[in-house]
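Work through the exercises below with the sequence and the model in view. Try each task before you read its solution.

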Amino acid sequence: MVKLLAKINISNENDYLKAVSSSIKLGQKKIFFYLNSHVLYEVKIDPELKEIISSSDYLIADGYSIVWAIKKLLGKEIRKVVFTYSYLEFIRDFFIQNKIPIFFLGASKLNLDNAVRIEQESFPNLLIAGYHHGYFDKHLKSDEIIKSINESKAEILIVGMGCPI
């Protein structure tokens with residue numbers, strides 16, 4: 001657990017934006033993962049999940065319990081929590097200004113349809129290359145969804161699915 005907490009390498013919105021920007025400019029595929037207390041519990045009982053999270057390029061503290069644990073166990077201080085639900089508010093302008101197409105994966109069909117509609121109405125210059133709800137049989141539909149994501153030419157894939165997936 002402590003090793004995973006020590007791997008957290010994004011501690012504010014500026015770090016997040018720099019990492020996303022750099023990845024795009026260099027044409028690199030990077031994995032950003034939010035670590036919250038539920039996920040931290042799940043990695044103790046799911047070795048595959050632990051490996052996935054450990055191999056991510058960027059790990060972000062999601063919630064005050066993780067910030068507190070980092071401070072108490074590692075003596076590191078994170079001054080600004082980058083919550084999963086707030087990322088789009090500060091990175092959306094970057095996507096719009098740089099004409100970066102995004103793909104949303106996750107949520108129920110109804111919630112995702114509503115979210116996409118609101119984003120398109122409120123931010124008409126935001127390039128939404130595609131989207132797919134998160135309720136599918138991963139054994140039957142994964143290849144089809146991956147193909148759809150790749151064909152969309154999205155440069156950013158935003159996954160909003162529970163954990164473990």
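**Exercise 1: Helix α3**

At the start of α3, the backbone nitrogen of His38 has a side-chain oxygen of Asn36 within 3.1 Å. This is a polar contact, that is, a pair of N or O atoms within 3.5 Å in which, within protein, one must be able to donate a hydrogen and the other to accept it, while residues adjacent in sequence count only if both atoms are side-chain atoms. The model is predicted, so local features need pLDDT of at least 70 and side-chain atom pairs count only at pLDDT 80 or more, whereas totals for chains, interfaces and linings use all residues. Residues are numbered from 1 along each chain as its sequence is written, and side-chain values use heavy atoms, with hydrogens and water left out.

Task: Find which residues of helix α3 are buried, and where they lie around the axis.

Solution. Step two is to list the buried residues of α3 (residues 37-45), which are Val39, Leu40, Glu42 and Val43. They cover an arc of only 160° around the axis, taken from the directions from the helix axis to the C-beta atoms, and therefore lie on the same side of α3. Step three is to look at the face turned away from this buried side, which carries the exposed residues Lys44 and Ile45.

**Exercise 2: Aromatic pairs**

Task: State how many aromatic pairs a search of the whole structure finds, and classify the pair of Tyr16 and Tyr34.

Solution. The search finds four aromatic pairs, where rings of Phe, Tyr and Trp (its six-membered ring) pair if their centres lie within 6.5 Å, and planes under 30 degrees apart count as stacked, over 60 as edge-to-face and the rest as tilted. Because the planes of Tyr16 and Tyr34 stand at 70°, with the ring centres 6.2 Å apart, this pair is edge-to-face. Tyr16 belongs to helix α2 (residues 13-25) and Tyr34 to strand β1 (residues 32-35), so the pair ties together parts that are 18 residues apart in sequence. Tyr16 is buried at 7% relative accessible area, and Tyr34 is also buried, at 14%. Phe94 and Phe95, by comparison, form a tilted pair with 6.2 Å from centre to centre and 55° between the planes. Finally, ring pairs link Tyr16, Phe32, Tyr34 and Tyr58 into a cluster.

Key: Helices (H or I, at least four residues) and strands (E, at least two) are DSSP runs, numbered from the N terminus. Buried means under 20% relative accessible area, exposed over 50%, partly exposed in between (1.4 Å probe, protein chains only).
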